Amino acid sequence: MASNWSGLRPISVAALLGVLVATGQAPLGAWYLALPALAGLCWLIARSTAPVWLAWFAGAGYFAAALNWIVQPFMVDVAKDGWMAPFALVFLAFGMALFWALAGLLSRYARSPAIGFAIALAATDLLRGYVRTGFPWALIGHIWIDTPVAQLAAYVGPSGLSLLTALLAAGLASRRPLPAGLAIVSLAAAWTFGMWTLAQPMPNDRPVTLRLVQPNAEQQAKWDPDLANQFFNRLLAFTEAKPTPDLVIWPETSLPYLLDLHPEIGGMIASAGNGASVAIGMQRVEGDKAWNSLAIIAPDGIRGQTYDKHHLVPFGEYIPFGDTLLSWSNIAAFASQAGNGYMAGPGPQLLDFGPKLGRALPLICYEAVFPQDLRGTERPDWLLQITNDAWFGHWTGPFQHAAQARLRAIEQGLPLVRVANTGVTAVYDARGRITASLPFETASYLDAALPAALPATIYAVFGEYPVLLLLLGLFLRQFAPHKRRGA
């Protein structure tokens, strides 16, 4: 019994350290807890004979804490889906933790196990943003989003922030004063550089006014036929309020009717717009196919430019292998109300709002999580995210989602306008600062100026390539054939 307990203690400590690392994620943003906890994990793994198991359970603790919002979609219809919530959290946590386990495995072959684990952990953070459909949520580098250190993302992106975080932790975990001191000095330098960057002057805002509409439709009631007209009238009332803005923006799937079946709705929206175009989140249907779309209703009521979401959420907007393996079941995607899932759009595209408003790159919900989804077009003038975060509950999910969108603004040097059903609805300047916002879970609207863009950042030009080259160099240094030494 005693020997079994002694074997469980390191795993329990590793899991607890993983939970503490997760406190660095929004809404807590406790980087001052997360970084020492990650350093403790590096120290523990470097001295363990079972680093794979320790890393796996540490990752499970981390992802269970950081991604606790995953249970919320199952609570929308508790009677039907509630039983799946604990399974979803456990399977997601231990599944994502396999990336950490891989880092633990690689650490066994490094010159310095602590540094090797740190490098491998940063590499797996980058990897999970691309494997299958990718899931770069809760990267360890995200602990800096609410600090000046986040300004480094304009140069190295989120994977560079993860590498910095891991190396700082490995330095702090060292037994030698030089690496620990270097880590402290590096963090101070990154913080100082970020503060200097934030102090630099910004271009003047564009001379336009955007109206961001937040209807605050609870997910349980959003598609209730008896309440649909109430939510629609709320959207129209906020849209027609004086003075008239240059553009009105509604959140993702906010239109409770199918415009394809009710073309008269376009005229009603245009009338409320009082001469302003209205960008609406809607479901678009053709035959037995449906899309999650952003469409522009022109002042004459005609639907103009339309963007179809192309990076869909597995199980949220489509069922993987749904036409084959799951064809026998009645499993349907959570978010889709038109059929069992959405079709993917052709890819990124720009919406041209004319010379006054410029061109925007639309991002629907989940697409703002992926830096790579901001590529594939000419450089836009601003970023536009519409989303429905009512799925994610009240505490962690919506704020983590908003934080990642905020990081996209810093990475690209572009302002980002975020319009959410229940919040977070906000405008971010090209350095990720909030310039205007609405209270969370409040039915209201916000008139705000559109911040100006900065020149293209290094990350916008080169993407992940500089960090990939750096990771390659570090891997060659740490994992070349050698005689193993202690950390």
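This is a predicted model: local features need pLDDT of at least 70, side-chain atom pairs count only at pLDDT 80 or more; totals for chains, interfaces and linings use all residues.
Begin by selecting residues 289-297, which form strand 4, together with strand 5; four bridges join the two, and they run antiparallel. Within this pair, pick out Ile297, which stands opposite Arg303 in strand 5. Leaving this pair selected, bring in helix 11, residues 225-240, which packs on the sheet and touches strand 1 (206-214), strand 2 (247-249), strand 3 (277-286) and strand 12, its direction making about 160 degrees with that of strand 1.

Now widen the selection to the whole sheet, an open one of six strands in the order 5-4-3-2-1-12, with mixed pairing. At its edges you will find strand 5 (303-308) and strand 12 (444-450), each of which pairs on one side only. Viewed across the sheet, neighbouring strands are turned by 30 degrees against each other on average, with direction ignored.

Next, move to another open sheet of six strands, whose order is 6-7-8-9-10-11 and whose pairing is again mixed. Select residues 351-352 (strand 6) and 434-437 (strand 11), which stand at the edges; each has a single partner strand, so one side of each is left without a neighbour in the sheet.

From strand 11, step to strand 10, residues 426-428: three bridges join these two strands, which run antiparallel. Here Tyr428 stands opposite Ile434 in strand 11.

Notes. Residues are numbered from 1 along each chain as its sequence is written. Side-chain values use heavy atoms; hydrogens and water are left out. Two strands pair if DSSP finds at least two bridges between them. Axes are lines fitted to C-alpha atoms, for helices over the stretch in contact, and angles run from 0 to 180 degrees between N-to-C directions. Contact means heavy atoms within 4.5 Å.
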